Amino acid sequence: MPPFDRSLDPVPPLVPPAELRGRADAADPDHASWDEPAVRRREPGSHSPHLMSRVLVLLALLLALQYLMPYLLERYHYAITRGKQQAEYDVAAAGLQDLQLSALSKASQLVSQKVGPSVVHIDVSSVRSQRPPNELAQLFGPQTERSRGQGSGVIIDSQGYIITNFHVVHSAAEIEVSLRDGRVLPARIVGVDVLTDLALLKISADNLIAAPWGESEEMNVGALVWALGSPFGLQSSITFGIISAKHRGGMAGEVYQDFLQTDAAVNPGNSGGPLVDAQGRVIGINTAILGDAYRGVSFAIPSSVAKGVYERLKANGRVARGWLGVQLDDVSEQTAARLGLPAAQGALIVTVIDDPSLPSPAKDAGLIQGDVLIAWNGAAVNKSADLIRMVAMTEIGSVAQVELIRRGQTLTVQVRVAERPAL
């Protein structure tokens, strides 16, 4: 018998039984079946559907962010700003309740109601002569042109006395005063004072309400003030501000002028109207502005000056000013050091007038060159202009107490004030 040789027997293919193939397929559906190759080849250019969908979602998200991001940032910024504004609003609302600014608003209304009836509008008619050629003058005589102006004033006495600016009624041929109650009355000039730009008018009327005087020297810088008048002819107007500065001397080139500076709006037509304090008292007469229109700076003649001028105009129709009979200068730092003065303050006597035709109260009282006057009737003298104004407003013939420094010693002398001559 031939030897057993397995190599000659045909080898049947290894095919799993049908039941085994079924179990394998059931156990792993995604697994390649026994009838398929273990590895599938992808055709060139083909992509996974899952990858494509992820890329599309990512692109859509980037596009959305590109358009939505500015909007989202804007909404975020708006939310922050809105929150800040709301917080500021809440704080301001609570603060305003605590401050009770409504009281300030009410004060303005009350000031207007109290002072308003005393404020008048002034219309001025002036006549100006024109010089025509000689041949026309011989035929028709001199030609005249009538012009009109306007301003404001304040009733300071229930007897009909009205104070205003001199430049409002300068060269006036006719003056009409319009009252708050609608009456329009003629007015006459009682007297004027050119040096302080003040004038006193008089009307014949009853049932007038006079505004009371206040004390301008007691007002501090920053104090609230109200200006009343007829800016540009707009009658019964009132504006509000503060005192910006005091004692603005020499603004109009006159040593006798001493102004309050304020930021209350004053315009052409306000001239002559009152500047009042929170009690409705007249502490100044609105007089000037910087430039042709309001620029935040206006000036008023303080009541410390205006009241004295009013009383003298009412009594005499003119202002007689006191006279010392000296030439003065300010005390500089160098002068103070040379004379051994404690500070660069006071009025230095440069010359004592010695003219037989002129009064010289200083010479009569024994004042000499080099004396530094530091007080007049108890009021401190800071510079020469202060002393000039003090002397000017001193009653003629009265005796003033003068404190001075002479060669390092402080002296007190008495001076009888004379009337300032017409130089």
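A charge sits over a ring if NZ of Lys or CZ of Arg is within 6 Å of the ring centre and within 35 degrees of the ring normal. What you're looking at is a predicted model: local features need pLDDT of at least 70, side-chain atom pairs count only at pLDDT 80 or more, and totals for chains, interfaces and linings use all residues. Side-chain values use heavy atoms, with hydrogens and water left out, and residues are numbered from 1 along each chain as its sequence is written.

Q: How do you know that the charged end of Arg321 sits over the ring of Tyr256?
A: Check the distance: the charged end of Arg321 is 4.9 Å from the ring centre of Tyr256, and the limit is within 6 Å. Lys202 makes the list too, lying over the face of Tyr161 at 5.4 Å from the ring centre.

Q: Why is the pair of Trp213 and Tyr310 called tilted?
A: Rings of Phe, Tyr and Trp (its six-membered ring) pair if their centres lie within 6.5 Å; planes under 30 degrees apart count as stacked, over 60 as edge-to-face and the rest as tilted. Here the centres are 6.1 Å apart and the planes are at 45 degrees, so tilted it is.

Q: What makes this pair a tie between parts of the chain?
A: Trp213 is in the loop between strand 7 (198–202) and strand 8 (224–229), while Tyr310 is in helix 6 (residues 303–316), so the pair ties together parts that are 97 residues apart in sequence. Helices (H or I, at least four residues) and strands (E, at least two) are DSSP runs, numbered from the N terminus.

Q: What makes Phe259 and Phe299 a tilted pair?
A: Their rings are 5.9 Å centre to centre, with 55 degrees between the planes. Phe259 belongs to strand 10 (residues 258–262) and Phe299 to strand 13 (residues 298–302), so this pair bridges 40 residues of sequence. Both are buried (under 20% relative accessible area; exposed is over 50%, partly exposed in between, with a 1.4 Å probe and protein chains only).

Q: Which residues have the most contacts inside the largest nonpolar core?
A: They are Ile163 and Val282, in a core of 26 residues. Such a core is a set of buried Ala, Val, Leu, Ile, Met, Phe, Trp, Tyr and Cys residues joined through side-chain atoms within 4.5 Å. Helix 6 gives the largest share, five residues.
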